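Please open the structure in your viewer and keep the selection panel at hand. The tour begins with the whole chain and then moves to one pair of elements and one residue.

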Amino acid sequence: MDSIAVITWLKDLLMAWGLPGLFLVSIGDSTFLSLPEVNDIMVMMLSIETPGAAWKFALLAASGSTLGCVVLYTIGRKGGEALLRRRFKSAGLERARRWYQQYGALAVMIPALAPPPMPFKLCVFSAGAFGFPLRRFVIAIAVARFARYFMGGLLAIRYGPAIVNVIREDFRQVVLAIVTLAIAAAIGFAALRFRFSSARPLGKPPEPET
């Protein structure tokens with residue numbers, strides 16, 4: 001049995017397990033397996049069956065993905081830069097390092113949201129190798145993954161099983177649509193927060209001295 005057949009067999013097995021399978025798929029996809037669309041499809045299918053629990057399915061998938069990313073991050077943290085230097089040129093590594101230094105959490109969140117061929121696992125490994133703060137890494141991954149899966153669940157509730165067939169045929173386009181919705185929601189939330197903080201009354205001015 002070749003590697004593709006093994007992965008297909010494992011994917012079908014875990015999908016049949018329901019929620020535990022979703023969690024395990026999410027961990028595996030973020031570490032050493034290559035199951036790029038399975039998490040999204042499982043969250044969508046479960047959301048269609050139980051629309052009110054879509055956020056729970058997204059949270060479960062995001063939790064498993066974050067845990068798997070922490071494993072890969074930890075491996076990168078322990079000697080990962082030396083391995084990267086053997087595979088990539090020094091100039092490229094320095095550009096990647098500056099990317100993390102300049103953009104911070106966005107350098108982690110964008111790959112976590114984006115579909116293949118974005119080298120997500122390499123970005124996770126590099127974050128550990130370059131010493132990106134673990135707490136910020138976990139928050140960035142968890143927020144980005146939850147946004148991606150939850151938006152996918154909402155699309156599945158809105159359009160039904162047809163969206164699952166679409167994602168099987170054109171995974172990249174669907175995830176790009178999800179990313180667009182997530183970014184729009186983030187911008188809207190930031191605008192509302194700014195408007196609320198701007199409208200908040202200022203504190204009582206100090207009384208003049210006599």
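Display the whole protein as a cartoon: this predicted model contains 11 helices and 0 strands. Followed from the N terminus, the order of elements is α-α-α-α-α-α-α-α-α-α-α.

Of the 210 residues, 39% are buried. Among contacts with a separation of 6 or more, 79% join residues 24 or more positions apart.

Now select residues 19–29, helix α2, together with residues 38–49, helix α3. How do the axes of these two helices cross? They come within 9 Å of each other, at an angle of roughly 160 degrees. Because angles over 145 degrees count as roughly antiparallel, α2 is roughly antiparallel to α3. The crossing of the pair is left-handed.

Show side chains where the two helices meet. On the α2 side, select Leu19, Gly21, Leu22, Val25, Ser26 and Asp29; their counterparts in α3 are Val38, Asn39, Met42, Val43 and Leu46. Sorted by class, this contact comprises 7 nonpolar, 3 polar and 1 charged residues.

Finally, centre the view on Asn39, in helix α3. Is this residue buried or exposed? Asn39 has a relative accessible area of 0% and is therefore buried. With neighbours within four places in sequence set aside, Asn39 contacts Leu22, Val25, Ser26, Asp29 and Tyr149. Of these, Leu22, Val25, Ser26 and Asp29 belong to the α2 side of the helix pair already selected.

Key:
Residues numbered from 1 in each chain as written. Predicted model: local features only at pLDDT ≥ 70, side-chain atom pairs only at ≥ 80, totals over all residues. Heavy atoms only, no water. Axes fitted to C-alpha atoms, helices over the stretch in contact; angles between N-to-C directions. Helix = DSSP H or I, 4+ residues; strand = E, 2+ residues; numbered from the N terminus. Parallel < 35°, antiparallel > 145°, perpendicular 65-115°, else oblique. Left-handed = near helix turned anticlockwise from the far one by under 90°. Contact = heavy atoms within 4.5 Å. Nonpolar A, V, L, I, M, F, W, Y, C, P; charged D, E, K, R; others polar. Buried < 20%, exposed > 50% of the residue type's maximum accessible area, 1.4 Å probe, protein only.
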